[in-house]
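User: I am new to this structure and would like to learn how to read its features one at a time. Could you take me through them slowly?

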Amino acid sequence: MEILKDEKMKIIYYSSPFYADCDFPLIGELQRRGHDVRYYISVASFSKRSTLIDLKELYPHTGIYPATKIYPEFNEFRHILDLSQVYVVNQKYKQKFHPVNLLLMIKLVIHFTMQKPDVIHLTEPPCLTQKLLYLIKKKLVLTVHDPFRHSGFTNKMAERNRRLAFKNISKLVLLNERQSSSFASYYDVPKNHVFINKLGMYNCIQHIDPLPFQIDRPFILFFGQIVEYKGVEYLLEAMKIVHSHHPELMLVIAGGGKYYFDIEPYKKLDYVKIINHYIGTRDLAGMLRACEFGVCPYKDATQSGVIQTAFTLEVPMVVTNVGALADAVQHNKTGIVVKPCDVNDLANGIMDLYSNKEKLNAMRKNIKEEWKKDMGWDSIANDYLKCYKNMKILEVVFNLRPGGAERFAVDLTNELSKANDVTIMAIKDDSVEPERDLFYASELAERVTYKNVGISKGYSLHKVIKIYKAIKNEKADIVHLHGDNMPHYCILAILLLNRKSKFYQTIHNDIHNGYDTLFYRFLVKTFGYKKKMGFVALSETNYRDMLEIYPKIKGVCIPNGRAPIVPTDRFEETRKEIASYKSVADSRIYIHVARCNPQKNQTLLVEAFGKFVQKGYHADLIIIGPGFENKLGESIRAKAGKNIHFIGTRKNVGNYILHADAFCLSSDFEGMPITLLEASLVGVPIVSTPVCGAVDIIDNKVNGILSKGHTVEEYLDALEYSYKHLSELRQNSLKMKDKSSYTIENCARKYMDFFNR
């Protein structure tokens with residue numbers, strides 16, 4: 001398990017005794033890693049005896065106190081938590097609306113704020129005066145233990161508090177993935193606000209000496225608070241059937257709470273034992289160690305701490321198939337899963353497990369050897385830390401047309417969205433030419449939000465103001481700009497929002513082409529030198545050039561990355577298409593992917609390739625990309641021979657590169673071409689002019705060939721060398737691709753490091 005070793009965080013964790021069994025081990029793990037975690041636990045008369053917390057008497061004063069100062073019972077957990085960082089928010093009065101309690105919550109919010117934490121982690125939605133926390137809502141994280149309210153829940157005010165929390169808190173942690181989509185849909189929560197984690201092993205119970213449970217018959221156990229959704233009535237009815245087959249087996253129902261049905265007839269049954277009060281942890285440990293197995297007959301559920309507690313002591317469970325219970329209990333491996341609200345199926349499940357001791361013992365072994373190894377708190381703490389460090393990132397592009405910068409922006413956005421709240425914003429109106437301007441939109445990850453500012457062509461103050469308002473509304477931590485013209489459009493946002501958001505510009509091209517203008521010199525010296533804006537070069541060559549022009553710039557070199565190239569379902573169709581372009585059966589396929597543009601110098605490529613074929617080499621060139629219908633494109637096509645094929649735009653470019661023998665680039669200047677990365681990552685040799693990016697990727701005459709210059713004859717020489725040594729170049733390229741550092745994962749990690757500086 002990889003342990004995150006990033007900078008230490010200051011975390012305030014505010015919870016209640018109801019979640020102590022999962023809070024304690026998590027907080028202990030975070031503290032062991034060196035994070036400053038201050039745990040505040042709210043205690044009132046109705047919560048002083050719950051899960052791990054068993055306080056004999058409520059401290060008779062309201063306030064915030066060190067836990068061990070007023071409740072020595074906490075000392076029992078000194079081996080799990082740093083108790084010097086545990087505080088009790090003590091409420092003398094039971095009523096939430098009591099003025100003293102309302103004032104206490106105001107004091108608590110001020111107390112939290114004065115500590116200037118990085119994160120305030122809540123386990124319940126703020127209510128009443130706690131809602132002042134929404135003034136610092138960017139720091140809030142909420143664990144949603146119940147994505148949906150259980151049956152029988154009627155508290156309208158609590159539901160309003162939930163909805164308000166889901167609207168205001170952008171980091172919502174669910175403890176099962178099964179319900180995440182329906183939760184986001186039901187509460188209209190953006191999917192990138194939902195983070196998935198899980199419950200771990202409730203290992204506190206392992207460190208407590210159990211009290212022996214005195215009973216002289218084998219028994220199965222239901223334990224926990226008595227509430228309607230838990231379906232106890234179905235278990236009692238099922239037990240009648242079980243008793244007729246196994247009269248020696250008892251059912252023990254242990255837990256406090258008011259019964260919502262007539263329990264009296266069941267109390268008279270000699271095979272049912274009802275213990276209707278809070279069960280301390282020592283008593284529960286004794287019951288679990290003595291029982292045959294546990295039962296959760298729930299009518300509805302999310303996940304269940306009951307299962308985690310039982311499994312921690314290697315007790316199998318019979319559960320109903322509701323919520324995520326069937327994910328927690330593997331049918332016939334760690335327990336039995338039955339239909340909900342079905343007395344006969346529940347009875348059969350109980351009898352099946354009870355009558356098969358070999359199966360029961362195998363389940364205990366599976367829990368010990370398989371379940372426990374995946375339930376450590378290290379991975380859970382990792383996922384919480386990723387959530388805590390999650391940023392709201394805004395990627396700004398002109399459009400999502402086919403192009404290297406756009407391709408990279410989409411890949412980077414998708415990768416960053418795995419651990420951050422990421423929006424990609426295109427400023428050009430995408431309703432005019434949607435097929436072109438939304439070319440990559442379908443490849444955006446589900447967690448990514450796409451927004452369009454909707455400006456038309458041209459530059460004006462009105463458009464600059466419109467873009468400023470759009471960026472301001474996002475309230476992003478990071479605003480990342482792509483394209484040399486983008487700062488012109490975003491200049492007002494940079495000027496007015498740089499105190500609230502960090503701005504970054506990726507230099508997608510040669511620094512000498514578009515990035516050393518009078519405007520950029522003003523931008524860099526005003527913001528880059530004062531560390532108010534960061535700049536990213538895409539290759540070592542470009543980075544050195546950047547430092548020569550702007551020696552005091554806040555800059556870094558982060559080579560472009562590319563998501564893995566995998567064959568699509570049209571892979572075989574593409575192979576047949578490419579075969580149809582071959583002028584002769586043994587023709588080698590060279591491929592070029594780029595829009596028609598003077599920078600790409602396709603005139604050089606076409607003229608050199610024409611002479612290449614005239615010299616007798618069996619080869620065909622496939623050119624993929626838009627724009628060859630314009631004047632420049634027509635002149636290029638006019639010079640192309642029959643061995644050069646213009647096939648327009650393709651979405652499955654990876655298929656064509658995978659089928660190619662070599663890749664061609666003929667540009668006059670570049671930054672770090674995405675198409676070169678695509679070729680290198682699949683092991684296709686490259687023939688290129690000596691431009692930025694290419695000189696960084698290509699080990700000349702090893703995995704590709706660099707022409708000596710930009711003339712037709714020099715590029716022709718490079719083509720000839722590639723043809724004569726293609727097998728050797730191909731073998732080297734395939735060997736080198738697996739060691740490539742140009743992955744989007746590496747790239748995104750370096751961007752996050754830069755963003756966090």
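This is a predicted model: local features need pLDDT of at least 70, side-chain atom pairs count only at pLDDT 80 or more; totals for chains, interfaces and linings use all residues.

Analyst: Let us begin with a term: helices (H or I, at least four residues) and strands (E, at least two) are DSSP runs, numbered from the N terminus. Residues are numbered from 1 along each chain as its sequence is written, and side-chain values use heavy atoms, with hydrogens and water left out.

User: What phi does D188 have, and is D188 buried or exposed?

Analyst: The general idea is that most residues other than glycine have a negative phi. D188 is not a glycine, yet has a positive phi of about 55°. Buried means under 20% relative accessible area, exposed over 50%, and partly exposed in between, with a 1.4 Å probe and protein chains only; D188, at 68% relative accessibility, therefore counts as exposed. K531, also not a glycine, has a positive phi of about 60° and sits in the loop between helix 19 (518–528) and strand 22 (533–537). At 48% relative accessibility, K531 counts as partly exposed.

User: How many helices and strands are there in the chain, and how many residues of helix 25 are buried?

Analyst: The chain has 29 helices and 29 strands, and of its 757 residues 56% count as buried. In helix 25 (residues 674–681), 8 of the 8 residues are buried, among them I674, L677 and E678. Just after helix 25 comes G683, which takes a positive phi of about 80°.

User: How should I read the packing of helix 6 and helix 11?

Analyst: Two packed helices are described by the angle between their axes and the distance between the axes. Here axes are lines fitted to C-alpha atoms, for helices over the stretch in contact, and angles run from 0 to 180 degrees between N-to-C directions. Helix 6 (residues 232–245) and helix 11 (residues 343–354) pack at an angle of about 50°, with their axes 8 Å apart. Angles under 35 degrees count as roughly parallel, over 145 as roughly antiparallel, 65 to 115 as roughly perpendicular and the rest as oblique, and helix 6 and helix 11 are therefore oblique to each other. The contact (heavy atoms within 4.5 Å) includes Y234, L235 and I241 of helix 6 and V343, L346 and I350 of helix 11.

User: What is the angle between helix 14 and helix 29?

Analyst: Helix 14 (residues 404–416) and helix 29 (residues 744–755) pack at about 75°, with their axes 9 Å apart, which makes helix 14 roughly perpendicular to helix 29. Among the residues making this contact are F408 and L412 of helix 14 and I744 and Y751 of helix 29.

User: Which residues have the most contacts inside the largest nonpolar core?

Analyst: In soluble globular proteins, nonpolar side chains tend to be buried together. A nonpolar core is a set of buried Ala, Val, Leu, Ile, Met, Phe, Trp, Tyr and Cys residues joined through side-chain atoms within 4.5 Å. The largest one has 66 residues, and those with the most contacts inside it are L221, L236, L288, F293 and Y298. Leaving aside neighbours within four places in sequence, F293 is in contact with residues including F219, V315 and I350. Apart from this core lies another, of 49 residues, among them I478, V536, A563 and I744.
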